[in-house]
Number of protein chains: 2
Amino acid sequence: MRNKLLALAALSALIPAAAHAEDAARNMGGDVAWDIVSGLTTEIGQRLAGSPREAAARDWGKARLEKLGFVNVAIEPFSIRGYVRGTDAAMLTAPVPQHLAVAALGYSGTTPDAGIEAEVVYFHTLNDLKAAPAGSLAGKIAFIDHAMRANQDGSGYGPYGQVRRVGPSIAASKGAVGVVIRSAGTDHNRDPHTGATNWAAGVTPIPAGALSNPDADLIARTVRLGKPLRLTLTLTGHTQDGLPSGNVIGELPGRDPKLPPVLVGCHLDSWDLATGAIDNAAGCAIVTAAALKAQAGGKPLRTIRVLWAGSEELGGFGGAAYAKAHAAEPHALAMESDFGADRVWKARINLAPADKATADAVIAALNPMGIVASVDVAQGGTDVEPIIAAQHLAVIDMAQDGTRYFDLHHTPDDTLDKIDPAQLAQNVDAWAAVLRVVANAPSIAPVTSAK
Amino acid sequence: MRNKLLALAALSALIPAAAHAEDAARNMGGDVAWDIVSGLTTEIGQRLAGSPREAAARDWGKARLEKLGFVNVAIEPFSIRGYVRGTDAAMLTAPVPQHLAVAALGYSGTTPDAGIEAEVVYFHTLNDLKAAPAGSLAGKIAFIDHAMRANQDGSGYGPYGQVRRVGPSIAASKGAVGVVIRSAGTDHNRDPHTGATNWAAGVTPIPAGALSNPDADLIARTVRLGKPLRLTLTLTGHTQDGLPSGNVIGELPGRDPKLPPVLVGCHLDSWDLATGAIDNAAGCAIVTAAALKAQAGGKPLRTIRVLWAGSEELGGFGGAAYAKAHAAEPHALAMESDFGADRVWKARINLAPADKATADAVIAALNPMGIVASVDVAQGGTDVEPIIAAQHLAVIDMAQDGTRYFDLHHTPDDTLDKIDPAQLAQNVDAWAAVLRVVANAPSIAPVTSAK
């Protein structure tokens, strides 16, 4: 034992620290999943929807799936309205000069290179902004504060993410010349959380950025000084039509290729501030490794099809393109992994009443792993929801622990070191257990009940 | 009780979240300390040595000390060789394009606005760099990796900080055109740790930056791909002579003003990437609040003098200026707070053998607070070391828990939200207890033993 420890210590002196996690993943049998996350983050890097790096990721993904033994591997192209980041900068100029960490939101309006400067109007909540009189923000920059907190089930993202999704459009509709929001995130780093924003019909986009939480705290404290705040905002990126994107699909054929396949999805694109380890290289790693692991002990009855979707972050373009391209093909069931790489703690199972035995078998497979069945309705995820909706598919969600997910989501901090190899491997094990059950189910009925 | 909670809940809906920590600090009697940290970070912001904001901080400090009842409050100016940050950027261009989070080190050489591009030579350790043959880095950018880990006593900063302090000069001496190091830090954020570097005599400064830990991980992984790495490095800041700086001092006179004072120090300047909450607004807050709290129950025998030193970060200029300006005045004992705001866990006591009773009284005052006496020799700190050395002063160090200090040190993340009000108040209590003992000691001998 001592010699082994000494040998490990000697080895550790020779190789970079990052190699340790990789070794750990290998030792736990998480090779395939770890290699995908490590490969996408190291060999490709950021994979912004519509960018050349997303295209490189598609080529990488196709080659990797083929190398892993998937068949019918294909890139299915489509084009999107994308967002191309420029220079992002913000500074409080009064009453105290303070540099602020900011990131443009996807589809932000564009400032001149020299930026814009205006008085800041503080809104403690999105409802406060909604209550502001028409025209009251003319010539002003709105700041929307709020206070997202970490929950295991990620439930803060619904309400607090709304600030990002609709806040800028509301501010623009009231005359604002720019808008900054507190990041929809739960960390305390100077790293803003980007993400797409939506402009209501008839509203002209204005420059819109997210501030890191400590910068939002600073603005809130500065407001309490009782003096007018002024801000310079420089967000030179732009929205661009006709950018190339695409999905990558591949299959592990079942014993009866005529049966509708089980579809497992993730998204290949990432935000551009980091290398998208948890969002969502991990998801592609998990579904792909699990599809392979589900072959252990004998080929399942049904084909398992993996979908590495493109351009999820800007509005689910990949999922929509998949549903359109594959509308004529029946599917049996869909699942998606897009919530990081921390452990699966519960499963939401949405099978037809006729398939209760299959649902029970899923629960029986998961309970020994410490995973419980949830009473919540399964949702799928952005990349599989369109085909689920079109075909009323059965769905199982493998709910992951999201306690730290929104510390990292859409920030510069979404990097490989945030992946815990043990939890990544637990995801693969849990997914494989479920896939073995559902891919061997002779019949899986559509789910006609309202979601 | 219920009504009070409801009232608090109603209040909390109306005021920014940041106010809660402030209220908590107030409730714990930490008003003075919290108000100083909050004030410096909110009303002043970054206070880079030699900058206009450091000057603003001196004025703020003088006014605050006077408002708090200190007398003989004075600004003692001096000038320094400073560093003025420009644009910091780095990108891996081969074998994979990857944006890197970088910050110039203080006294870095200057790149053209368009940056420099060169092949990267990887060094796992500083010793590996030292072993590189003369001239072997001609035209190259050196990357120095290492692996600092968090320790409660902060002991990693000595060896791993050396990479920053001397690594760039060694790389330059071997012909490198630029150098990047893994940050001397223990976090996993995309936020580099800046800090000053030193150039050996005869070495011409080259552009020198620190990469965040995840970026250093990425380079280490990329090296393992086995292909040449190329990097563009843009660090346009410059070194500048004759910048204005200064110390702020103030006194709470003792019952016998003729007795040599107890000197308590901190530094007012901060790095420019953040607002210097833990480094070192907290130190000034602690020593100042404790000096005031030590007056409770009766004015101590000795005067307590506070020193808010300038330009510590660039080389201890404030401490040196203080020792020079006050060389002719005897001092009794010196203490400094410059390691964040987390709890004091042990005290290093360096009193002369003749003052054993005083040392025992210090220990007796601290033990009930859970603070132990350390066998280590007290060091003082950069701002008081010159006067300690000149006058062989007695020293007491209040060692703080440094477990998370190097997550934040010299990064954009050193912001007010990192201050735990309860631990800040514990510092003030512990310091006040010690000051009550030493400021009431009729005699405190010089310490002639070798440190």
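**Close-up views of a predicted two-chain model**

**Figure 1. Confidence of the predicted model.** In this predicted model, chain A has a mean pLDDT of 93, and 93% of its residues reach 70 or more. Residues 1-19 of chain A have a pLDDT below 50, and this stretch makes 10 contacts in the model beyond near neighbours in sequence. Residues 24-29 of chain A also stay under 50, with 12 contacts beyond four places in sequence. Where pLDDT is low, the predicted coordinates should not be read in detail. For the model, the scores are ipTM 0.88 and pTM 0.91.

**Figure 2. The two domains of chain A.** The domain assignment divides chain A into domain 1, covering 20-83 + 241-438, and domain 2, covering 86-236. The centres of these domains, taken over C-alpha atoms, are separated by 32 Å. Where they touch, 20 residues of domain 1 of chain A are in contact with 21 residues of domain 2 of chain A. On the domain 1 side, helix α12 of chain A (residues 405-408) gives the most, with three residues. By class, that side of domain 1 has nine nonpolar, six polar and five charged residues.

**Figure 3. The rotation that relates chain A to chain B.** Chain A is superposed on chain B by a rotation of 180° with 0.0 Å of shift along its axis, and the RMSD is 0.0 Å. This is therefore the relation of a two-fold axis. The residue of chain A that comes closest to the rotation axis is Asn189(A), whose C-alpha is at 3.7 Å. Both copies use the same surface, since 94% of the contact residues of chain A recur in chain B.

**Figure 4. The contact between chain A and chain B.** Chain A brings 33 residues to the contact and chain B brings 31 residues. On the chain A side, the elements giving two or more residues are α3 (31-44) and α7 (213-223) of chain A. The most comes from α7(A), with seven residues. The side of chain A that touches chain B has, by class, 15 nonpolar, nine polar and nine charged residues.

**Figure 5. The crossing of helices α3 and α8 in chain B.** The axes of α3 (residues 31-44) and α8 (residues 277-293) of chain B come within 8 Å and cross at roughly 145°. The crossing in which α3(B) passes α8(B) is right-handed. From α3(B), the contact residues are Val32(B), Ala33(B), Ile36(B), Val37(B), Leu40(B) and Thr41(B). From α8(B), they include Ala277(B), Ala281(B), Cys284(B), Ile286(B), Thr288(B) and Leu292(B). By class, this contact has 13 nonpolar, two polar and no charged residues.

**Figure 6. Backbone details in chain A.** The peptide bond from Ala94(A) to Pro95(A) is cis, with omega near 0°. Pro95(A) belongs to the loop between β2 (88-94) and β3 (98-100) of chain A. Asp279(A) and Asn280(A) are also joined by a cis peptide bond, with omega about 15°. Asn280(A) lies in helix α8 of chain A, residues 277-293. His410(A) is not a glycine, yet has a positive phi of about 65°. The place of His410(A) is the loop between α12 and α13 (421-438) of chain A.

Note on methods:
Residues numbered from 1 in each chain as written. Chains lettered and ligands numbered in written order. Predicted model: local features only at pLDDT ≥ 70, side-chain atom pairs only at ≥ 80, totals over all residues. Domains from an automatic or database assignment. Contact = placed C-beta atoms within 7 Å. Helix = DSSP H or I, 4+ residues; strand = E, 2+ residues; numbered from the N terminus. Nonpolar A, V, L, I, M, F, W, Y, C, P; charged D, E, K, R; others polar. Least-squares fit on C-alpha atoms with pLDDT ≥ 70 in both. Axes fitted to C-alpha atoms, helices over the stretch in contact; angles between N-to-C directions. Left-handed = near helix turned anticlockwise from the far one by under 90°. pLDDT = per-residue confidence, 0-100.
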